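Please read these notes with the model open beside you. They go point by point.

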Amino acid sequence: MAESAGTAAQTQKKAGRLYVKAIFTGYKRALRNQRENTSLLKIDGCITRKEADWYIGKKCAYVYKAKNKTSCPNHEKASHIRVIWGKVTRPHGNSGVVKAKFKRNLPAKAMGRRIRVMMYPSRI
């Protein structure tokens, strides 16, 4: 009996992730000027402009841990985890990089860090 209960728990599948991994590579910039209000994201597995077009309008999130705990909506306990939400606005170049605007500009220490590009909202 105990063995069958253990195997039932092991066979239950974990829900898959609803986002694609991306890297924050830097800000939109010219030769001498940098615009911090637009971020450049390199999406894993996206290597052409046509593939990047699919991600236009998708929500993206920068998840990080802060020093102090704060209350979270719909949760009982306070947490160190915070999120900055944004949206993919357009492709950048021909190699699968996209531009995104966030509610608050991403901090410079986020460069090279992971961004989650959600698979929603759908445009199909």
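1. Contact here means heavy atoms within 4.5 Å. By that rule, and leaving aside neighbours within four places in sequence, Pro-121 is in contact with Gly-57, Lys-58 and Lys-59.

2. Some ground rules follow. This is a predicted model, in which local features need pLDDT of at least 70 and side-chain atom pairs count only at pLDDT 80 or more, while totals for chains, interfaces and linings use all residues. Residues are numbered from 1 along each chain as its sequence is written, and side-chain values use heavy atoms, with hydrogens and water left out.

3. Pro-121 lies in the segment after strand S6. Helices (H or I, at least four residues) and strands (E, at least two) are DSSP runs, numbered from the N terminus. Pro-121 has a relative accessible area of 40% and is partly exposed; buried means under 20%, exposed over 50%, and partly exposed in between (1.4 Å probe, protein chains only). Its C-alpha atom is separated by 22 Å from that of Asn-105, 16 residues apart along the chain.

4. Lys-58 sits in the loop between helix H2 (49-53) and strand S3 (59-70). One polar atom of the Lys-58 side chain lies 3.1 Å from the backbone oxygen of Pro-121. Not counting residues up to four places away in sequence, Lys-58 also touches others, including Gly-86, Val-88, Met-119 and Arg-123.

5. Is Lys-58 buried or exposed? Lys-58 is buried, yet has no salt bridge. A salt bridge is a side-chain nitrogen of Lys or Arg within 4 Å of a carboxyl oxygen of Asp or Glu. For Lys-58, the nearest side chain of opposite charge is Asp-53, 12 Å away; Lys and Arg count as positive and Asp and Glu as negative, while His and the chain ends are not counted.

6. How many salt bridges does the structure hold? There is 1. Asp-44 pairs with Arg-114, and their closest N and O atoms are 3.5 Å apart. Asp-44 is in the loop between strand S2 (34-43) and H2, and Arg-114 is in strand S6 (residues 114-118), so the pair ties together parts that are 70 residues apart in sequence. Asp-44 is partly exposed at 40% relative accessible area, and Arg-114 is partly exposed at 39%.

7. Val-83 is in strand S4 (residues 79-92) and is partly exposed, with a relative accessible area of 33%. Together with Leu-18, Ile-81, Trp-85 and Tyr-120, Val-83 forms a nonpolar patch on the surface, with about 450 Å² of accessible area. Patches are made of residues with over 30% relative accessible area and no salt bridge; like charges are joined within 9 Å, and nonpolar side chains (Val, Leu, Ile, Met, Phe, Trp, Tyr) within 5 Å. Accessible areas come from the Shrake-Rupley method with a 1.4 Å probe, and for residues only the protein chains shown count as cover.

Methods
Polar contact = N/O pair within 3.5 Å; in protein donor to acceptor, adjacent residues only side chain to side chain.
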